[in-house]
Amino acid sequence: MTKREYLTETAEWKLLEEHFKKIESTHMRDLFRNDPERGRKFRVDNCGLIFDYSKNRVIEETMDLLLKLAEKCSLKEEIEKMFNGERINGTENRAVLHVALRNRSGKPVMCDGADVMPGILNVIARMKNISDRIRKSEWKGFSGKSVKNIINIGIGGSDLGPVMACEALKYYSNRDLNVRFVSNIDSTHIREAIIDLNPEETLFIVASKTFTTMETMTNALTAKKWVTDFFGSEKAVANHFIALSTNKNDVEKFGIDTENMLEFWDWVGGRYSLTSAIGLSVMISIGYDNFIRFLDGFHEMDNHFRDTPFDKNIPVIMALLGVWYNNFFGCETYAILPYEQYMHRFAAYFQQGDMESNGKSITRDGRRVNYSTGPVIWGEPGTNGQHAFYQLLHQGTKIIPADLIGFVNPLHGDRDHHNKLIANMIAQAEAFAFGKTSEEVVKEGVDEKLVPYKTFEGNRPTNVIMSERLTPEILGNLIAAYEHKIFVQGIIWDIFSFDQWGVELGKVLAGKILKELEAGENEETDHDSSTSELIKYYRSRCVEQKNK
């Protein structure tokens, strides 16, 4: 692992600290007043997107200094390492090649001396075969009926991405198919997913790279029992289950025909796996042609990220602005606010994408960081959020940068609804930036006692991202932009963005505690007093335990 100068010790960082002191109290009202062209200068049009970052607390000098920081961190070289299949996931000694999954160039992508594209294209072809058979009612269940209910069983990256994409692209979906998702080990999730379905018409997709993930396999076994109890035969499993996995032996033991097993690779991280076989449920929902359009959007943004100078590079600018607020303004959270109901799971998807990637506190050479890394990501669609948490965004004590995402044309043609939706989005961005001064409030004739309450400080930063319409290509563009933003921030913060060791400890302890929950009521435990008392409480009130 290469040692590098601590981020906070670099000359570039120190220059940003000095610059921050000068600009910290500058208001966006003054920035726009002093530069009538600001709205055009601080904007990038590319990949079908308008990325307007003019309503940020930055000037040209700020961006120049941030770009120099990126250069100091060898960002261009690090980007090339990822695209060239080098093992940049240092703690697991793996390449990071989700960009290969959506490579539409026809050119090879090399990893350890081998071209990975033939394997990727083979999986896409097999996905197409499965998807086409289901969409044409040619996939038959054990009793000969066509399947029409598709239930994806996974968790984390094997669930959040497909859920988000299926919802975002629902307009393009086949409404004769019923696509559902199960992730939570809470049996309520699987029970509610199957409660009104006929097993004869239901196909399960079990998405687990190792085929050992506790939550996924527990739900898969419940689904298997539901199917086999109905048919009275284990043979029914072959007709009603597909596996997305690399563990052929356990897939066979489960009863799934390995012809119905789709592989992926160790250079695909779970939260970056949407365009792998993990996206099968998406392809089934929207069809092969639309799925390819989806991949095309990813590929377009991948090319933009790799080839565009950093000062016009959407993911790079997004990332640098995030560093600016996180590390200099001390902003601890970041909101993603799509003004599009179909994108209601977009922020949740990037909660994992960002927080699992950059929620790290150790540098790539093993030292503890002395600066803030990944922010808390959250958000909801507008205009719902306006009637929930925007109060804090406007007048609270915390500065919360936000991305507002909207589209010019509505998918359903309801122009009256849509004009009101987008008017709200643009108005919120304006209100966040400029607020309302006490003088303006007084001029409105407001009672003097109420003036402080009706004054809006403004100076709250936002990016506005717009496109003509939510299409598969544009969704791919957006997802890839956020993925690359996360990567850039990881490079600047000198952390490994593609491992997730933090999720392991809880899994190990859960396995131990599970055995203790199922033990006799009076059996001793060796935990802290709080944990031990919780275990005792559960045992003492567990109906099954008391009936043993």
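A helix here is a DSSP run (H or I) of at least four residues, and helices are numbered from the N terminus. Helix α7 (residues 117-135) is one such run, and Asp132 and Lys128 both lie in it. The model is predicted.

**Helix α14 against helix α21**

- Helix α14 spans residues 288-307, and helix α21 spans residues 472-492.
- Their axes come within 7 Å and cross at roughly 40°.
- That angle makes α14 oblique to α21, because angles under 35 degrees count as roughly parallel and 65 to 115 as roughly perpendicular.
- The crossing of α14 and α21 is right-handed.
- On the α14 side, the contact includes Asn290, Arg293, Phe294, Gly297 and Phe298. Glu300, Met301, Asp302 and Phe305 of α14 also take part.
- On the α21 side, the residues include Pro472, Glu473, Leu475, Gly476, Asn477 and Ile479. Ala480, Ala481, Glu483, His484, Phe487 and Val488 of α21 belong to the contact too.
- By class, the contact of α14 with α21 has 11 nonpolar, five polar and five charged residues.

**Helix α5 against helix α14**

- Helix α14 also packs with α5, at an angle of about 140°.
- The axes of α5 and α14 are 10 Å apart.
- The two helices are therefore oblique to each other, because an angle has to be over 145 degrees to count as roughly antiparallel.
- From α5, the contact uses Lys76, Ile79, Glu80, Met82 and Phe83.
- From α14, the contact uses Asp302, Phe305 and Arg306.
- These residues divide into four nonpolar, no polar and four charged.
- Asp302 and Phe305 are in contact with α5, and both are also among the α14 residues that meet α21.

**Salt bridges**

- Side chains of opposite charge can pair when their charged atoms come close.
- How many salt bridges does a search of the whole structure find? The search finds 31.
- One of them joins Asp132 and Lys128, at 2.6 Å from N to O.
- Asp132 and Lys128 are four residues apart in α7, about one turn of the helix.
- Asp132 counts as buried, at 19% relative accessibility, because the cut-off for buried is under 20%.
- Lys128 is partly exposed, with a relative accessible area of 30%.
- Arg87 pairs with Asp112, with the closest N and O atoms 2.6 Å apart.
- Arg87 lies in the loop between α5 (75-83) and α6 (98-101). Asp112 lies in the loop between β3 (110-111) and β4 (114-115).
- The pair therefore ties together parts that are 25 residues apart in sequence.
- Arg87 is partly exposed, with a relative accessible area of 40%.
- Asp112 counts as exposed, at 56% relative accessibility.
- Asp45 forms a salt bridge with Arg43, and the closest N and O atoms are 2.9 Å apart.
- Asp45 is partly exposed at 46% relative accessibility, and Arg43 is partly exposed at 32%.

**A buried serine**

- Ser285 lies in helix α13 (residues 280-286).
- Is Ser285 buried or exposed? Ser285 is buried, with a relative accessible area of 6%.
- Which residues does Ser285 contact, leaving aside its neighbours within four places in sequence? They are Arg135, Cys166, Tyr172, Ser173, Asn174 and Val179.

**Backbone features**

- A cis peptide bond joins Gly382 and Thr383, with omega about 10°.
- Thr383 sits in the loop between β11 (376-378) and α17 (390-395).
- Ser74 has a phi near 55°, a positive value in a residue other than glycine.
- Ser74 is found in the loop between α4 (60-72) and α5.
- Ser74 counts as partly exposed, at 30% relative accessibility.
- Asp112 also has a phi near 55°, again positive in a residue other than glycine.
- Asp112 is the salt-bridge partner of Arg87, in the loop between β3 and β4.

Definitions and conventions:
Residues numbered from 1 in each chain as written. Predicted model: local features only at pLDDT ≥ 70, side-chain atom pairs only at ≥ 80, totals over all residues. Heavy atoms only, no water. Axes fitted to C-alpha atoms, helices over the stretch in contact; angles between N-to-C directions. Left-handed = near helix turned anticlockwise from the far one by under 90°. Contact = heavy atoms within 4.5 Å. Nonpolar A, V, L, I, M, F, W, Y, C, P; charged D, E, K, R; others polar. Buried < 20%, exposed > 50% of the residue type's maximum accessible area, 1.4 Å probe, protein only. Salt bridge = Lys/Arg side-chain N within 4 Å of Asp/Glu carboxyl O.
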